[in-house]
Amino acid sequence: MSVKSYIESNKDRFLEELKELLRIPSVSADNQYKGDVLRAAEKVKDFLLQAGADKAQLYPTPGHPIVYGEQLIDPALPTVLVYGHYDVQPADPLNLWDSPPFEPVIKDGKIFARGASDDKGQMFMHIKALETLNREGKLPCNLKFLIEGEEEVGSNNLEQFLKDQKALLKADIILVSDTGILSNENPSITTGLRGLSYLEIEVTGPSRDLHSGMYGGAVANPIQILAQMITSLKDENNHITIPGFYDNVQEASAEERQRMSEAPFDLEAYKASLKLKEVAGEKGYSTLERVSIRPSLDVNGIWGGYTGEGAKTVLPSKAFAKLSMRLVPNQSSEKITQLFTDHFKRIAPASVEVIVKPHHGGEPALTSLTSDGYKAAEKAFSTVWNKRPIPMREGGSIPIVSLFKKELGLDTVLLGFGLHSDAIHSPNENYHLFNFFMGIETICEFHKQYVALKK
Ligand code: BES
Ligand code: MN
Ligand code: MN
């Protein structure tokens, strides 16, 4: 049998198994799900063993466990280390889901569930690729699997694991399916990810909540001050105003910008899919550029005062916000967090007190188009999809990728198969079955091509 026909004749079982994994609410951010996160880790381990791995085990961490598995066939052959995550984002708001987030259903050629695309569905393709290659007697290289349970909360314990387990994780390349492609008609390979600085802000005005009639007009309102301060972080061209923010931004070359402008991106369809009349962003850059080669700043949440039913005439004591900045090479998460904090405190009027608390962060990453890993990925796509993939940078972040380079000296290939319509982190997250099965085949082909290049 061929790889393709093995996948074809086992596709129903593959989907049933994926559903088992999707039924476990492994929400890493919420401690109430700690037991479920552990159950998901156990399940991943079991699936690895069932797929033929010689070894698979859980490594406990101060947070959620890391699953490690391997199948080593010959020390003379290259070793590919697959990374993925079995944790998922919270499913809220629940009322916006058409079917319950942890009761996977297949509809219109897609599987709907939290984690269907990010990243259980994509990670699971690698386990099924392992099974396929094993059953077909075609495993061309050594495979290692590092599947974590804390990606969605910043991968805080994985860095230490990389430092402690250099021998265990020895490999030639890292392979990750946790990103997307432009479209099924125009497959792409992700060549860059943005970094991240995430912060929480607390603004305090008066020492207690006040009557807005007795004090309104005479005492600064921290919510309004916070809103003004946030607004001032961008100018009329949507340029970020924090001094030094752009200092280390590596400008994309004219050639890269030219190639991006030729990418088959349909702005009208993009707007229609989000029900937007107009897009918005930094002047002088296209939509694709704004979410890939340019840094950005967004408020993720803002709250304070009275938001319950009816009215309460209050001048609140405190206001809060959560804010994130996406970073590009060669910005540093730590430096940007510091620049933000200094600037935000500097612009605060004397009528309020400002606290800025850093959360997690991560550095941007770039893949070289001339690396063996990229070339193997390109060949795999060309073979399986019959189309030469377009190199594309993406806007999301996978903080561990830059640490793979720093701690293990390894390059990462981002061989993701998600689509924008997958709605990751949103209600009704889904993954196209077409992409799931094509992904398994493309991964099998990647291993083959990578070994051929390394010979
Ligand atoms: N898989 C995503 C990252 C991603 C999404 C990359 C789309 C490229 C395209 C990952 O699970 C994720 O959500 N990462 C977080 C960062 C983390 C520190 C919480 C993100 O980008 O917000
Ligand atoms: Mn992910
Ligand atoms: Mn995610």
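These legends walk you through several close-up views of a predicted model.

**View 1. The largest nonpolar core.** This core has 63 residues, and those touching the most other members are Val-44, Leu-48, Val-80, Tyr-86, Leu-415, Phe-436 and Phe-446. Look for the elements that each supply at least two of its residues, among them the helices α1 (3–22), α2 (34–50) and α12 (433–454) and the strands β3 (79–85) and β6 (142–148). The biggest contribution comes from α12, which gives 10 residues.

**View 2. Leu-48 and its contacts.** Set aside the neighbours within four places in sequence, and Leu-48 is in contact with Ala-53, Ala-56, Val-67, Gly-69, Ile-127, Leu-130 and Phe-145.

**View 3. The manganese ion (ligand 3) and its protein donors.** Asp-118, Glu-152 and His-425 provide the protein donors, which lie 2.1 to 2.6 Å from the ion. The arrangement is irregular because the 6 donor atoms around the ion subtend angles of 55 to 156 degrees.

**View 4. Asp-118 between two manganese ions.** Here Asp-118 bridges ligand 3 and ligand 2, two manganese ions 3.6 Å apart. Asp-118 sits in the loop between β5 (110–112) and α3, and Glu-152 in the loop between β6 and α4 (158–164), so together they tie parts that are 34 residues apart in sequence. Both Asp-118 and Glu-152 are buried.

Terms used. Residues are numbered from 1 along each chain as its sequence is written. Chains are lettered from A and ligands numbered from 1 in the order in which they are written. This is a predicted model: local features need pLDDT of at least 70, side-chain atom pairs count only at pLDDT 80 or more; totals for chains, interfaces and linings use all residues. Side-chain values use heavy atoms; hydrogens and water are left out. A nonpolar core is a set of buried Ala, Val, Leu, Ile, Met, Phe, Trp, Tyr and Cys residues joined through side-chain atoms within 4.5 Å. Buried means under 20% relative accessible area, exposed over 50%, partly exposed in between (1.4 Å probe, protein chains only). Helices (H or I, at least four residues) and strands (E, at least two) are DSSP runs, numbered from the N terminus. Contact means heavy atoms within 4.5 Å. Donors are N, O and S atoms within 2.8 Å of the metal (3.2 Å for Na, K and Ca); water is not among the atoms, so sites may look incomplete. Four donors count as tetrahedral if all angles lie between 85 and 135 degrees; four count as square planar and six as octahedral if opposite donors are over 155 degrees apart and all others between 65 and 115; anything else is irregular.
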